[in-house]
Amino acid sequence: MSSDSSAKIETVLQEERVFNPSDETINRASIKGFAQYQKMVNSAKSDPQKFWGEAALEGLHWFKPFNTVLDWTDPPFARWFDGGKTNVSYNCLDRHVKQGKGEKIAIIWEGEPGEVRKITYKQLLEQVCRTANALKEIGIKKGDLVALYMPMVPEAAVAMLACARIGAPHSVVFGGFSSEALRDRINDGQAKAIITADGGFRKDKIISLKNAVDSALSGNSCPSVESVLVVKRTSESISFSPGRDYWWHELVPAQSIDCPAEEMDSEDRLFVLYTSGSTGKPKGVVHTTAGYNLWAHMTFQWIFDVREEEIYWCTADVGWITGHSYIVYGPLSNGSTTVMYEGVPRPSNPGAFWDLIERHKINIFYTAPTAIRAFMKSGRDIPDKYNLKSLRLLGTVGEPINPEAWIWYRDVIGGNSCPIVDTWWQTETGGVMISPLPGAIPTKPGSATLPLPGIEAEIVNAEGKSVDVNQGGYLVIKHPWPGMMRTVHGNPQRFRESYWEYLPPINGSLVYFAGDGARRDKDGYFWIMGRVDDVINVSGHRLGTMEIESALVSHNSVAEAAVVGKPDDIKGEAIVAFVTLESGANHNEKLLTDLKVHVSTEIGAIARPDEIRFTNSLPKTRSGKIMRRLLRALAAGEEVKGDTSTLEDRNVLDELRK
Ligand code: WTA
């Protein structure tokens, strides 16, 4: 970075800059100007039933219209659009083909080695129907859970839509998770089939997925699984278990293209997606048909405001909620062209993203702050080599974005003219909750700005009382919304306790607690401060400290472990583990490496600790609770401040400081 731009960044941090939507942006937007946004906010607030009811009739196709909009008689278990019948795959495919858009490109896919595939809506519909018939042939019925463990290939989207078509909920497991993590998720959901590939390409290497599936299933450890459908991607040699394993290219193309979409109840499950919480194992977040579909549909329309001829690209993986809502369901439900890229920027191709934008003339680009910070570090020379003039709108998701990165993004990638939408949301919320609407809301670098219409967000203290302007507190949502998660798979009590009973009711009503801390400025803008629970956010990936601790403790040499996040310039947070060893174990370099590998094997490479510190004991309160606050300060190299009087053994701190 030049000294000139760093001087600029400092001024940005000191002053509160506001970027108003340009006239051009306002003129082309569907929601024009702040007044129109305010009007929507008011109508959603004064009559939510009418607001959401009209939105659902307009946004989705119904085989049979619903009787009620929201049933909130048994909070926190919401029912939306009861009595209605719809199908997400129909909404994403058939209705566009019926409206004469069959020849429009639905998916532009690029593999890491560089192959390009363009799939029209008509072709996608046919592929989805064939795949749905193939699933039926291997015994999948409405209500059966299907696990997906896929690289970023079009078949991943096809498989999701095929499941939705026949009413079999999917459970996508990120391809970077280990076979152990895959096994846990398969067993928790009792998946009946797995859709996978031989492997995928990532950073010029092959990720062997089928091998991982084989180890997850070995020794009958996943008795619910009856069949495995395998896409050929890398052509590496894999083992095949006859009667259980099927090649996609043999089973799918042989099927008929006729497969009418199942008429699903609004509240039938669409998918389960596992995410980390502060305690216990990852939770299976359950989303249902109509409400989720509507939320993905509306938020995509409001925020990205994609025009008929425009091309949109979200760089997430389909293994995360961002991939579900904003690569697959949101864009396709709106009949947009969505780009799917298998690769990531890598040493052999550091300009990969910009090259894609130039070649496919991408208009809307949605990525994570981690990626932006990494690009910023490698310098503007790389993006400057490419023609990025097609870009019209930029988005970020997954972590707080620091103002320096925001300004760099706007300046270097957006040529100082593209609005930036910093979108705050979660796996649990189904879609975006707080974000600028590009033609309506002035932006401030580092702020997700204001809640979308119908979303009543607030910041409260532990007693549930609103806090003052600029005071930090807990971010809560006060009214149910269509895209909200319905429950934790198999554990409704956990759903109630972790999200709706963590904070006291406000005016007698339960409120949703997101797990994030935030503040609001004088204009009511939200500034997300990060997780306030034991969840860490590494490069936009959510990890529970407990999960990593359990992985460490499952190693023979480890007695106890405490994991904390430490600020990291690129990744947002890095993982630091404090570990005590079983007597007789030697804390040497080899064990250090072994432990890192062990965590990768147990969870996946994303959970591998950046740093492991051996210690004789961990700082605990007299009641035996680990004082993470102290460990966080130590990990960050800060002075340990605040009360340490509850420490059971004061000497522990001195030892750790060494
Ligand atoms: C964080 C990802 C600040 C937050 C869609 C949240 C953000 C968690 C933002 C959810 C943002 C997401 N600004 N923080 N714009 N977006 N987060 O479930 O801590 O993988 O609770 O969903 O990411 O992560 P998840």
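1. The model is predicted: local features need pLDDT of at least 70, side-chain atom pairs count only at pLDDT 80 or more, and totals for chains, interfaces and linings use all residues. Residues are numbered from 1 along each chain as its sequence is written, and side-chain values use heavy atoms, with hydrogens and water left out.

2. Look at the polar contacts (N or O pairs within 3.5 Å). A ligand nitrogen is 2.7 Å from a side-chain N or O atom of D422. A ligand oxygen is 2.9 Å from a side-chain N or O atom of Q426. The protein buries 96% of the 520 Å² that the ligand exposes when taken alone (Shrake-Rupley, 1.4 Å probe).

3. Two cavities reach 30 Å³ or more (sets of points on a 1 Å grid over the protein atoms alone where a 1.4 Å probe fits but cannot get out; lining residues have an atom within 4 Å of a point; volume is the space filled by probe spheres set on the points).

4. The largest cavity has a volume of about 40 Å³. Its lining includes C163, M264 and R269. α7 (154–166) and β14 (269–275) each give at least two lining residues.

5. The second largest cavity holds about 30 Å³. Among its lining residues are F174, R185 and Y274.

Note on methods. A polar contact is a pair of N or O atoms within 3.5 Å; within protein, one must be able to donate a hydrogen and the other to accept it, and residues adjacent in sequence count only if both atoms are side-chain atoms. On a 1 Å grid over the protein atoms alone, a cavity is a set of points where a 1.4 Å probe fits but cannot get out, and a pocket is an open set with protein on both sides within 12 Å along at least five of seven lines; lining residues have an atom within 4 Å of a point. Helices (H or I, at least four residues) and strands (E, at least two) are DSSP runs, numbered from the N terminus.
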